[in-house]
Amino acid sequence: VWFSAPDAFITGTVAYDEYLQDFVAAVPDMPSALVGEYGSKAVLLDLALRGDSDQRILLRLRRFEDAFTGTRNLPELRLAGILPERITHSGMDSEIRYLRGWTGLSLRQRLVETRRSSGVTSGFSISGSGFWRGTAGPATVKCFVNAERTAFENRLSGVRFDPEHEIFEAGIAAAGSYAGHGPRWRLGASGGWTSGAGPFTGAEAALVRGAAEGVHQSITVARRVRTPTAEELYQPPLEQLVDGTTSVTAGSLDLEHERSDEVNVSLGFKRRAAVDLFARRERERIVLSGPARAVYASSGADDVAGIRVRVAGAGATGLLGINYGWQLAAFWYGDRAEITEGIPDYGARCSAWISRRSFKKTENLILRLDAFEAGERTFGAVLLDRYGVVDFSASITVIGAVVKFQVKNVLDERYETSPGMLMPGRNYRFGINWHLFD
């Protein structure tokens, strides 16, 4: 009988952040100019039901709202008597997911709206997906299919445009090993169609030697595809603020799908260390072209090479039942930062945590520290300095509830992810996850 002994839980998270920014570091000719305040609110509800067999249903609802006051209106801030602009980004999304064994189906909807002084943009999308995993002889096979349709209603700078965008994608992948115990292989292919850009295809082939419990090597060859976004395809000429100046951008229906031919060679030891060397040949990259009227065009081409390194460890201290873990990951992209806006030439992330169980292992305390550093990034003629951010989090599990506390940007680092956009300083977050039946 369905759900005769259900395993159900409800998870709720409510968060609110607010901060003020001083723009003196980003715009030197505007000393002491307050850029504004930011608030974020979100509510999440999950309901999962599990029956006697391997059937499960997940229902998910989320409501969110982000508000910015005076964050992006540099010209207005230079004029006396004009109030700061207020920008709101809000929406709601939902999902229902059904799983049975190695088969899954899901249906999602999303409604978003952005309001600002120049107008309103909104979009409603509905999508469905499915997957199946099984076997075909000695190989493991996985198939997937995705379909999405989005309708927009936009009123910006006196221009009305209501495009509709559709995308369909399907693929299949198979994996196995030579003679059942030799080197492992993986093959995959995918394809689809998008409105405005037409059909596309991609593929991947990989060969792995060694076991995950020891030394292992792999080589992967792939063609990956990125489809044009609705903005890149349909946006009419609009004024857009970039670092305090005004430019004009416009979409184009002549865009091609971006193609990236990649080779990746990896060497690893257990799950503790790995080194990846990769090279990519990118073609039909979508870039803004033209000095006065910037139009999206498929005219970009790059050859990219780099390295990624990952090391990790975990264990028990033998003191008071405390366990520990750590992880370090870093990447270097060669000259990628010079040819692609916003991409740092290097990045590094380090995480460390300790945990301790108590009261017959029904309670679990976790303390975690995360640090990230990114290198210099270029945006046209603007060069942004490197930055580093440290976050701290603590959580405790008591029976079926998880109480979480976070301090984001502990060192109150002042940094920008794009010119003129200072990121939040030190801020705090609190949340509770409650499992109704556990």
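This is a predicted model: local features need pLDDT of at least 70, side-chain atom pairs count only at pLDDT 80 or more; totals for chains, interfaces and linings use all residues.
**Strand pairing**

Strand S7, residues 139-156, is joined to strand S6, residues 119-136, by 18 bridges, and the two run antiparallel. Strand S7 also pairs in the antiparallel sense with strand S9, residues 164-177, and with strand S8, residues 159-161. The table sets out the bridge counts for these pairings.

| Pair | Sense | Bridges |
|---|---|---|
| S6 and S7 | antiparallel | 18 bridges |
| S7 and S9 | antiparallel | 12 bridges |
| S7 and S8 | antiparallel | 3 bridges |

Individual bridges show how the strands line up. Thr 121 has Asn 154 in S7 as its bridge partner. Ala 147 is bridged to Phe 168 in S9, and Arg 155 to Arg 160 in S8.

Two of these pairings are hairpins. S6 and S7 have 2 residues between them, and Gly 137 in that turn has a positive phi of about 65 degrees. The hairpin of S7 and S8 also has 2 residues between its strands, with Ser 157 at a positive phi near 50 degrees.

**The nonpolar core**

Which residues make up the largest nonpolar core? It has 6 residues in all: Ala 230, Leu 233, Tyr 234, Leu 255, Ile 286 and Tyr 296. Helix H2, residues 230-234, supplies the largest share of this core, 3 residues. In soluble globular proteins, nonpolar side chains tend to be buried together.

Ile 286 is one of the core residues.

Terms used:
Residues are numbered from 1 along each chain as its sequence is written. Side-chain values use heavy atoms; hydrogens and water are left out. Two strands pair if DSSP finds at least two bridges between them. Helices (H or I, at least four residues) and strands (E, at least two) are DSSP runs, numbered from the N terminus. A nonpolar core is a set of buried Ala, Val, Leu, Ile, Met, Phe, Trp, Tyr and Cys residues joined through side-chain atoms within 4.5 Å. Buried means under 20% relative accessible area, exposed over 50%, partly exposed in between (1.4 Å probe, protein chains only).
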